[in-house]
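Please consult the sequence and the model shown here while reading.

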Amino acid sequence: MDLNTLLETTVVGLGYELVDVEMSPRGRTIRVFIDAPGKATGVDVEDCAKVSNQLSRVFEVENYDYDRLEISSPGLDRVVKKAADFERFAGQDIQIKLRIPHAGRRNFQGELLGCKDGKVGLRLEKDDVELEFNNIEKARIVPRFD
């Protein structure tokens, strides 16, 4: 079983959402970002410890070699990757970087309008744009501090 499948199966099995995974250049450090969508307070230290303990056991059974495992909440500026997340966070401010430029630009920031039919809607200062979901390289929520 590959690492992403192993992580997804374990994290979802514990009742959490796997948001993102980062690996150090040599793959010796694994950073796993989890969320608890049904929990009003979000992910806390106990949640991270629970996932860490379970993943450590699973890696031992699967004989997966690593030096360090880090479990964290996605933070206020969470990564947005799945089409469902683009729909879930509609109304939030978002920063998007594209693989291939759209209208001469690769970087966009505005209000997320959602995702429909493979297109992500974004409200900019002057107008609205639709960006191809498959062309998005990276997207992050921009936290509001009002």
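The paragraphs below treat a helix, its packing, a strand residue and the nonpolar cores. The structure is a predicted model.

**Helix α1 and its buried face**

Helix α1 spans residues 3-13, and its buried residues are Leu3, Leu6, Leu7, Thr10 and Val11. Viewed down the axis of α1, these buried residues fall within an arc of 110 degrees, so they line one face of the helix. The partners against which the buried residues of α1 pack are β1, β2 and α2. Just after α1, Gly15 adopts a positive phi of about 95 degrees.

The elements with stated residue ranges are listed below.

| Element | Residues |
|---|---|
| α1 | 3-13 |
| β1 | 17-23 |
| β2 | 29-35 |
| α2 | 45-62 |
| β3 | 68-72 |

**The pairing of α1 with α2**

How do the axes of α1 and α2 cross? They come within 10 Å and cross at roughly 135 degrees. The crossing in which α1 passes α2 is right-handed. On the α1 side, the residues in contact are Leu3, Leu6, Leu7, Thr10 and Val11, and on the α2 side they are Val51, Gln54, Leu55, Val58, Phe59 and Glu62.

**A residue of strand β2**

Thr29 belongs to strand β2. Is Thr29 buried or exposed? Its relative accessible area is 14%, and a residue under 20% counts as buried, so Thr29 is buried. Leaving aside residues up to four places away in sequence, Thr29 touches Glu22, Met23, Ser24, Arg68 and Glu70.

**The nonpolar cores**

The largest nonpolar core contains 18 residues. Within this core, the residues with the most contacts are Val32, Ile34, Leu55, Phe59 and Ile71. At least two residues of the core are supplied by each of α1, β2, α2 and β3. The largest share, five residues, comes from α2.

Ile71 illustrates these contacts. When residues up to four places away in sequence are not counted, Ile71 touches Val32, Ile34, Cys48, Val51, Ser52 and Leu55.

Another core, of 17 residues, lies apart from the largest one. Among its members are Ile94, Phe108, Leu124 and Ile136.

Conventions. Residues are numbered from 1 along each chain as its sequence is written. This is a predicted model: local features need pLDDT of at least 70, side-chain atom pairs count only at pLDDT 80 or more; totals for chains, interfaces and linings use all residues. Side-chain values use heavy atoms; hydrogens and water are left out. Buried means under 20% relative accessible area, exposed over 50%, partly exposed in between (1.4 Å probe, protein chains only). Helices (H or I, at least four residues) and strands (E, at least two) are DSSP runs, numbered from the N terminus. The arc is that of the directions from the helix axis to the C-beta atoms. Contact means heavy atoms within 4.5 Å. A nonpolar core is a set of buried Ala, Val, Leu, Ile, Met, Phe, Trp, Tyr and Cys residues joined through side-chain atoms within 4.5 Å. Axes are lines fitted to C-alpha atoms, for helices over the stretch in contact, and angles run from 0 to 180 degrees between N-to-C directions. A crossing is left-handed if the near helix is turned anticlockwise from the far one by less than a right angle, and right-handed if clockwise.
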